[in-house]
Amino acid sequence: MSVQWENVDFATTKPSVPMRLYEGAAKGKAPALVLYLRGGAFLSRDRKEIERPIGKAFAETGAVVLEADYSRVSHNVFPQAMECAFMALKCLSGRRKQFGGPRSRLLVAGDEAGGNLAASVALKARDQMPGELSGQVLLSPMIDPMMATASIRKADKIGMGQRWAEGWSHYLGSHCGFQHPYAAPCLCSRLSGVAPALVVTSEDDPLHDETVGYASRLKASGVTVRQKVFPASCGWTGIYSEGDGEWMATLCSEFTAFVDSLN
């Protein structure tokens with residue numbers, strides 16, 4: 001496994017955004033190229049040197065994963081965080097030969113707050129980069145600022161309710177709030193035409209209802225969706241503390257099958 005941070009300069013924006021590259025021994029001639037956006041509830045701004053378990057695991061399936069350190073550059077506020085992630089995607093799209101191959105499929109993936117950004121970037125890619133994004137991987141995406149679902153009431157059981165509330169307040173701040181579809185994808189009225197999605201949650205996940213609800217709306221809009229709901233108590237909510245568990249092997253299998261299904 002090759003893991004390192006490097007600065008990637010964008011032609012249209014400054015400052016540069018640090019990215020961490022994950023490459024495994026299984027990398028092929030045209031590996032999937034994945035922009036990975038980490039969680040952190042829109043509050044974490046410290047770049048951690050420890051590898052992200054999911055980024056590392058996806059790379060071990062044969063993909064090339066680049067984790068963008070959007071937090072430090074954007075200060076975790078809308079729309080800067082989303083724009084930072086989108087520019088990173090455009091950068092990777094233009095550098096497929098450098099990181100993967102000319103035929104590499106381009107995906108965006110994220111967990112929790114990073115899942116919000118991944119969904120938002122997929123929407124903007126549909127609008128401004130038609131045909132460039134092959135897929136989106138949404139791992140318990142934090143996409144509903146209302147925090148009013150039945151499952152979200154379980155958030156306090158894992159100590160996340162207050163943190164998510166503070167994160168939404170910080171992210172939206174005094175801007176347009178959740179009315180903007182790129183800020184809260186679950187409230188977007190036009191989902192048709194976005195890239196196919198792999199959507200993952202668990203039965204005991206506080207973000208279960210908004211995740212499953214978004215997957216259902218994508219399907220209703222004609223988007224191809226592969227959905228996985230892990231059983232309760234399998235440890236899935238460990239992703240909120242950057243952990244892994246018995247679910248990782250299954251997640252990697254779902255990811256590989258999803259990538260193989262893309263045109």
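Before the first click, one cut-off: a residue is called buried when its relative accessible area is under 20%, exposed when over 50%, and partly exposed in between. Keep in mind, too, that this is a predicted model.

**Stop 1: helix α1.** Select residues 53-60. Within this helix, Ile 54, Gly 55, Ala 57, Phe 58 and Ala 59 are buried. What do the buried residues of α1 pack against? Show β2 (17-23), β3, β4, β6 (135-139) and α8, and you have their packing partners. Now step just past the end of α1 to Gly 62, where phi is positive, about 115 degrees.

**Stop 2: strand β3.** Five of the five residues in β3 are buried, so the strand is largely enclosed by the rest of the structure. In a regular strand, side chains alternate between the two faces of the sheet. Colour Leu 33, Leu 35 and Leu 37 for one side of β3, then Val 34 and Tyr 36 for the other; both faces are covered.

Next, bring in the neighbours. Strand β4 (residues 64-68) runs parallel to β3 and is joined to it by four bridges; look for Tyr 36, whose bridge partner in β4 is Glu 67. Strand β5 (residues 106-111) is also parallel to β3, with five bridges between them. There, Val 108 of β5 stands opposite Leu 35.

**Stop 3: the loop between α2 and α3.** Most residues other than glycine have a negative phi, and most peptide bonds are trans. With that in mind, select Asn 76, which sits in the loop between α2 and α3. Its phi is positive, near 60 degrees, although the residue is not a glycine. Is Asn 76 buried or exposed? Its relative accessibility is 1%, so Asn 76 counts as buried.

Then move along to Phe 78 and Pro 79, which are joined by a cis peptide bond with omega about 5 degrees. Pro 79 belongs to the loop between α2 (70-74) and α3 (80-94).

**Stop 4: the loop between β8 and α8.** Glu 242 is in this loop, and here again is a non-glycine residue with a positive phi, near 60 degrees. At 28% relative accessibility, Glu 242 counts as partly exposed.

Select Trp 236 and Trp 247, whose ring centres are 4.8 Å apart with planes at 75 degrees, so the pair is edge-to-face. Trp 236 comes from the loop between β8 and α8 and Trp 247 from helix α8, eleven residues apart. Both Trp 236 and Trp 247 are buried.

**Stop 5: the largest pocket.** Which residues line the largest pocket? Select Leu 133, Ser 134, Pro 196, Ala 197, Thr 224, Val 225, Arg 226, Ala 257, Phe 258, Ser 261, Leu 262 and Asn 263. The space in this pocket comes to about 160 Å³. Colour the lining by type and you get seven nonpolar residues, four polar and one charged. Both β8 (225-230) and α8 (247-261) supply at least two residues of the lining, and the largest share, three residues, comes from α8.

Key:
Residues are numbered from 1 along each chain as its sequence is written. This is a predicted model: local features need pLDDT of at least 70, side-chain atom pairs count only at pLDDT 80 or more; totals for chains, interfaces and linings use all residues. Side-chain values use heavy atoms; hydrogens and water are left out. On a 1 Å grid over the protein atoms alone, a cavity is a set of points where a 1.4 Å probe fits but cannot get out, and a pocket is an open set with protein on both sides within 12 Å along at least five of seven lines; lining residues have an atom within 4 Å of a point. Grid points are joined across faces, edges and corners, and a volume is the space filled by probe spheres set on the points. Ala, Val, Leu, Ile, Met, Phe, Trp, Tyr, Cys and Pro count as nonpolar, Asp, Glu, Lys and Arg as charged, and the others, Gly among them, as polar. Buried means under 20% relative accessible area, exposed over 50%, partly exposed in between (1.4 Å probe, protein chains only). Two strands pair if DSSP finds at least two bridges between them. Contact means heavy atoms within 4.5 Å. Rings of Phe, Tyr and Trp (its six-membered ring) pair if their centres lie within 6.5 Å; planes under 30 degrees apart count as stacked, over 60 as edge-to-face and the rest as tilted.
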